[in-house]
2 protein chains.
Amino acid sequence: MPTENRQIRLEVDELPKQWYNIIPDLPEPLPPPQDPETGPSRVEQLPNLLIRTCLGQEMSTDRWIDIPDGLRELYLQAGRPRPLFRARGLEKALGTPARMYYKSEFYSPTGSHKVNTALAQAYYAREDGYERLATETGAGQWGTALSYAASLVGLKCTVYWVRAVYRWKASRLNFMKMFGAEVHASPSDKTDCGRELYDKDQNHPGSLGIAISEGLEDAQRDPKAAYCLGSVLNHVLLHQTVIGLETQKQFEKADDYPDLVISCLGGGSNFGGFALPFVGDVLTKGKKTKFIAAQSDAAPNLQGEYRYDHADHAEITPLLKMYTLGHQTSLVPIKGDGLRYHGCSPIISLLRHLGYIDTIAYPSDEKHVFQRALMFLRTEGFLPAPESAYSIACAIDEALKCKEEGVEKVIAFNVSGHGFMDMEGYTEVLGLE
Amino acid sequence: MPTENRQIRLEVDELPKQWYNIIPDLPEPLPPPQDPETGPSRVEQLPNLLIRTCLGQEMSTDRWIDIPDGLRELYLQAGRPRPLFRARGLEKALGTPARMYYKSEFYSPTGSHKVNTALAQAYYAREDGYERLATETGAGQWGTALSYAASLVGLKCTVYWVRAVYRWKASRLNFMKMFGAEVHASPSDKTDCGRELYDKDQNHPGSLGIAISEGLEDAQRDPKAAYCLGSVLNHVLLHQTVIGLETQKQFEKADDYPDLVISCLGGGSNFGGFALPFVGDVLTKGKKTKFIAAQSDAAPNLQGEYRYDHADHAEITPLLKMYTLGHQTSLVPIKGDGLRYHGCSPIISLLRHLGYIDTIAYPSDEKHVFQRALMFLRTEGFLPAPESAYSIACAIDEALKCKEEGVEKVIAFNVSGHGFMDMEGYTEVLGLE
């Protein structure tokens with residue numbers, strides 16, 4: 001009998017001891033990174049860019065990878081394991097026969113799931129003797145998470161932040177500064193690739209691709225700095241599987257199992273971290289679970305082309321085989337800015353290509369998803385991040401289908417972050433003032 | 001052996017089933033509310049103002065009072081029980097021999113411990129057939145918590161918000177509106193007592209005392225509305241004991257016990273909720289724990305006079321025996337606005353009077369407490385509410401004394417809320433921009 005409890009929790013010692021690496025379980029080999037036809041080799045540059053252990057994890061074919069004890073301590077300090085909630089209030093309001101469960105990544109100290117890989121990367125970087133971390137950020141969640149992780153392990157941190165967002169998120173900017181991070185609006189005059197754009201237009205709005213290029217260039221030039229990426233790459237998704245692994249244990253405790261696993265998707269780390277352990281069950285245990293990635297019409301990358309493309313604007317990264325809208329395509333700003341990225345992680349892209357993952361893209365005016373978030377807030381009481389609103393909207397839409405069809409599905413969705421620092425976005429889209 | 005774990009948690013079924021009422025354990029009877037020498041009886045009005053069950057709890061001499069099952073469900077939905085953290089990062093940074101533990105009320109869905117009584121009051125109000133809740137708010141935390149609780153149980157909510165704060169906390173205002181609450185800047189033209197001040201000055205900054213008067217008058221005139229108070233009263237502290245009761249169980253699990261219990265104090269609900277179960281151990285079990293209430297120089301009410309005074313500006317409430325600065329005294333604004341109140345709850349006041357509780361008041365420029373909050377953020381990773389920064393500052397100051405004196409004390413402190421919606425305050429005081 002499935003639990004009637006509103007909250008399913010884990011003990012401290014039930015925090016996973018290993019991450020799940022799906023690569024050996026994939027039905028086809030994952031296409032490796034490649035070099036473009038012209039220019040210097042990007043693939044050969046990877047060891048100079050990525051943290052050694054992370055690069056090893058990127059290529060690993062081990063199914064289970066140990067989480068070091070020191071890092072598990074940091075996960076505990078960050079409040080993990082996080083509760084799984086049964087959405088009794090929401091179910092009742094919808095009148096759905098579906099059982100709805102959501103994972104509470106919104107309990108993150110910085111506001112999103114990004115801390116799970118930020119802590120891992122900072123931990124390994126310190127182990128390798130680096131003194132500084134360099135990165136980019138779009139919505140600001142990743143930059144905050146890395147600033148936090150750097151502060152906790154005692155490293156410096158430099159963040160290149162897409163100017164269009166940097167300008168209006170004063171709270172998040174100051175939050176990063178409180179952690180001691182150095183934050184530059186991107187394109188900046190701190191790097192060659194940034195300066196080229198900055199000199200032409202000091203108000204250049206920037207893009208995630210440009211900011212990635214700046215972070216990469218910064219780290220490339222300083223041997224004491226490591227570059228950290230917050231999504232897309234295999235090792236980032238690996239670190240995030242702690243979310244799905246906890247959720248699996250919680251479903252066991254709840255004596256239930258999801259028919260449908262839903263989360264929002266930008267680059268793929270939150271979706272992958274939540275869904276991959278369940279995809280593993282489909283691939284190796286014959287489970288029939290379905291997966292839906294909730295996206296924005298502003299960046300429906302899973303509806304793009306499946307081909308090799310760069311992960312950044314300035315073509316510093318190798319080519320990755322992925323669903324992409326093109327690495328220099330400009331994308332209209334949205335409030336759920338963490339979803340605004342041209343490409344999807346190679347692992348998720350392959351799974352999508354093989355038919356394991358469905359997708360939906362919501363209108364970029366965001367009215368529908370924010371109304372759904374409001375319904376969630378009023379019945380469950382938690383204020384989701386704008387990105388998480390997509391996950392919620394999709395879960396509610398599916399629960400309403402269950403109602404229409406009289407089907408008793410089990411729906412699991414991830415609320416990847418909180419929206420306490422995103423009230424301007426809600427206010428504007430919902431027309432509160 | 002005390003635990004080395006960074007986090008001590010409770011199972012869902014370890015959520016307390018009863019609150020602790022300290023009244024029967026007090027060394028002296030608690031002085032009852034009284035009427036002033038002139039005017040109508042306020043004491044006789046109480047049954048028309050307060051929710052029946054809450055009024056019963058206000059006067060109860062039962063040591064243990066059951067938490068109804070339906071309310072325990074709501075506590076679970078709000079994420080209770082909340083972790084107790086061992087501050088290993090902070091201890092290391094300070095180099096203190098003290099063991100420091102903090103309770104994570106910052107995991108509250110609305111941002112503070114206030115949800116614990118908001119849910120209780122909303123639950124009982126619905127049970128009594130009320131359709132609307134009316135209240136006041138100062139810093140905004142209580143108004144948000146009640147808006148949240150009303151939304152979850154399906155009641156309407158009206159909030160009178162001190163205009164001086166209302167004006168600059170747009171995020172918090174819109175958060176309340178998202179829950180469906182009606183929010184008025186106070187003094188407003190919606191009540192007689194408000195209108196009198198509003199008509200003279202439409203920009204009147206207001207005060208918590210005035211806002212309380214407006215909430216009371218509103219509820220007094222509408223039989224379908226119940227008035228709810230967020231602090232000071234006995235039943236509010238009773239509901240908040242869920243914090244300290246959880247913490248006691250967590251100390252048992254940690255195989256440790258606090259020598260020093262610290263929290264910030266405005267009206268007394270957070271301090272009381274955290275400390276009273278431990279005070280009970282002193283009164284009935286011979287424990288030697290010391291208690292410190294951290295306050296602001298802007299409102300050091302525990303250094304005021306111990307006498308009968310009104311809880312509100314317009315003298316609608318009965319007289320309460322409390323430490324007070326005078327109910328019409330004006331207090332300078334601070335960022336930790338939840339600490340800016342003229343009087344302290346009768347229970348805490350009596351304990352203070354009898355020498356059980358020490359107090360410290362920090363300078364009202366808040367530089368010291370915010371610097372301490374920054375140290376906490378950078379070592380523990382959590383962003384505290386400005387009010388909670390006082391609790392943290394006191395805990396750090398005491399841990400440093402332990403270092404000087406080479407004493408291995410156990411310090412427990414409550415981080416009553418998060419600061420995600422208070423970045424303007426931090427930015428200004430820390431001079432981040």
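B:Arg86 lies over the face of B:Tyr101, at 5.6 Å from the ring centre. Chain A has such a pair too: the charged end of A:Arg86 sits over the ring of A:Tyr101, 5.6 Å from its centre. The model is a predicted one.

**The core.** The largest nonpolar core holds 256 residues. A:Trp19, A:Phe413, B:Trp19 and B:Phe413 have the most contacts inside that core. What does A:Phe413 touch, leaving aside its neighbours within four places in sequence? Its contacts include A:Tyr101, A:Tyr102 and A:Phe376. Also among them are A:Leu90, A:Met100, A:Ile262 and A:Phe274. A:Lys103 and A:Ser391 are on the list as well.

**Aromatic pairs.** Over all chains, a search of the whole structure finds 50 aromatic pairs.

| Pair | Centre to centre | Angle between planes | Type |
|---|---|---|---|
| A:Tyr102 and A:Phe376 | 4.9 Å | 75° | edge-to-face |
| A:Phe370 and A:Tyr426 | 4.6 Å | 40° | tilted |

Why is the pair of A:Tyr102 and A:Phe376 edge-to-face? Its planes stand at 75°, and the edge-to-face class takes angles over 60 degrees, so the pair falls in that class.

A:Tyr102 lies in strand β5 (residues 99-104) of chain A, and A:Phe376 in helix α14 (residues 367-380) of chain A. The pair therefore ties together parts that are 274 residues apart in sequence. Both A:Tyr102 and A:Phe376 are buried.

Helix α14 of chain A also carries A:Phe370. Its partner A:Tyr426 is in helix α16 (residues 423-430) of chain A, 56 residues apart. This pair, too, links distant parts of the chain. A:Phe370 is buried, and so is A:Tyr426.

Terms used:
Residues numbered from 1 in each chain as written. Chains lettered and ligands numbered in written order. Predicted model: local features only at pLDDT ≥ 70, side-chain atom pairs only at ≥ 80, totals over all residues. Heavy atoms only, no water. Core = buried A, V, L, I, M, F, W, Y, C linked by side-chain atoms within 4.5 Å. Buried < 20%, exposed > 50% of the residue type's maximum accessible area, 1.4 Å probe, protein only. Contact = heavy atoms within 4.5 Å. Phe/Tyr/Trp six-rings, centres within 6.5 Å; stacked < 30°, edge-to-face > 60°. Helix = DSSP H or I, 4+ residues; strand = E, 2+ residues; numbered from the N terminus. Lys NZ or Arg CZ within 6 Å of the ring centre and 35° of its normal.
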